[in-house]
Amino acid sequence: INDSDPALAKKVLDDGLAGAVAEVQSELLEVNEVYLNKHPGRQYVERMPDGSILRGKTFLVGNRLYQIAITTPKEDGADTDALTFYKTTAGKFLDSFRLVE
């Protein structure tokens, strides 16, 4: 597996995410293609079986797969300030991931 083949990288990332969602029986709410230093990845939001929200990023770098994720409380019924806090905190955490090359 290598990120130099875009079709293979897409398959690895998409199949990996689908497998993870199936494994924990979560609901995939959102998924976007993203890049980190030209390396392909996925940014996603899942609703876990207990209602909590998992936000994550996965990147394929060469033959390595890197994943970073954060889980926040249930958003159903949460007030606007709480939702803003969850999303802002998750965004800062996920955006903190860097590669040291």
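1. Why does isoleucine 53 count as buried? Isoleucine 53 has a relative accessibility of 3%, and therefore counts as buried, the term standing for under 20% relative accessible area, with exposed meaning over 50% and partly exposed the range in between (1.4 Å probe, protein chains only). The model is a predicted one, in which local features need pLDDT of at least 70 and side-chain atom pairs count only at pLDDT 80 or more, while totals for chains, interfaces and linings use all residues. Residues are numbered from 1 along each chain as its sequence is written, and side-chain values use heavy atoms, with hydrogens and water left out.

2. On the overall layout, the protein has 2 helices and 4 strands, where helices (H or I, at least four residues) and strands (E, at least two) are DSSP runs numbered from the N terminus. The order of these elements from the N terminus is α-β-β-β-β-α. The C-alpha trace spans about 45 × 30 × 15 Å along its principal axes, and 35% of the 101 residues count as buried. Among contacts with a separation of 6 or more, 36% come from residues 24 or more positions apart, a contact being heavy atoms within 4.5 Å.

3. The 4 strands make up an open sheet with antiparallel pairing, in the order E1-E2-E3-E4, and two strands are taken to pair if DSSP finds at least two bridges between them. Strand E1 (27-36) and E4 are at the edges with a single partner strand each, so that one side of each has no neighbour in the sheet. From one strand to the next the twist averages 15°; the angles run from 0 to 180 degrees between N-to-C directions, and the axes are lines fitted to C-alpha atoms, for helices over the stretch in contact.

4. Taking the strand pairs in turn, E1 and strand E2 (residues 39-47) run antiparallel and are joined by 9 bridges, with glutamine 43 in E2 as the bridge partner of asparagine 32. E2 and E3 are paired in the antiparallel sense over 7 bridges; the hairpin that these two strands form has 5 residues between the strands, and in it glycine 51 has a positive phi near 95°. E3 and strand E4 (residues 64-72) are antiparallel over 9 bridges, and their hairpin has 2 residues between the strands, with glycine 62 at a positive phi near 65°.

5. Strand E3 deserves a separate comment. Towards E4, arginine 55 stands opposite isoleucine 70, and leucine 54 has threonine 71 as its bridge partner.

6. Isoleucine 53 belongs to strand E3 (residues 53-61), where it stands opposite arginine 47. Leaving aside residues up to four places away in sequence, isoleucine 53 touches Leu29, Val45, Glu46, Arg47, Ile70, Thr71, Thr72, Pro73 and Glu75. Its C-alpha atom is separated by 16 Å from that of glutamine 67, which is 14 residues apart from it along the chain.

7. As for the helices, H1 (residues 6-24) lies across E1, E2, E3 and E4 and runs at about 20° to E2. Helix H2 (residues 80-95) also packs on the sheet, where it touches E3 and E4, and its direction makes about 160° with that of E4.

8. The largest pocket holds about 220 Å³ of space. Of its 14 lining residues, Gly16, Ala20, Tyr44, Thr58 and Gln67 are the closest to its centre, and H1, E2, E3 and E4 are the elements that give two or more residues to the lining. H1 gives the most, with 6 residues. A pocket here is an open set of points on a 1 Å grid over the protein atoms alone, where a 1.4 Å probe fits, with protein on both sides within 12 Å along at least five of seven lines, and lining residues have an atom within 4 Å of a point; the volume is the space filled by probe spheres set on the points, which are joined across faces, edges and corners.
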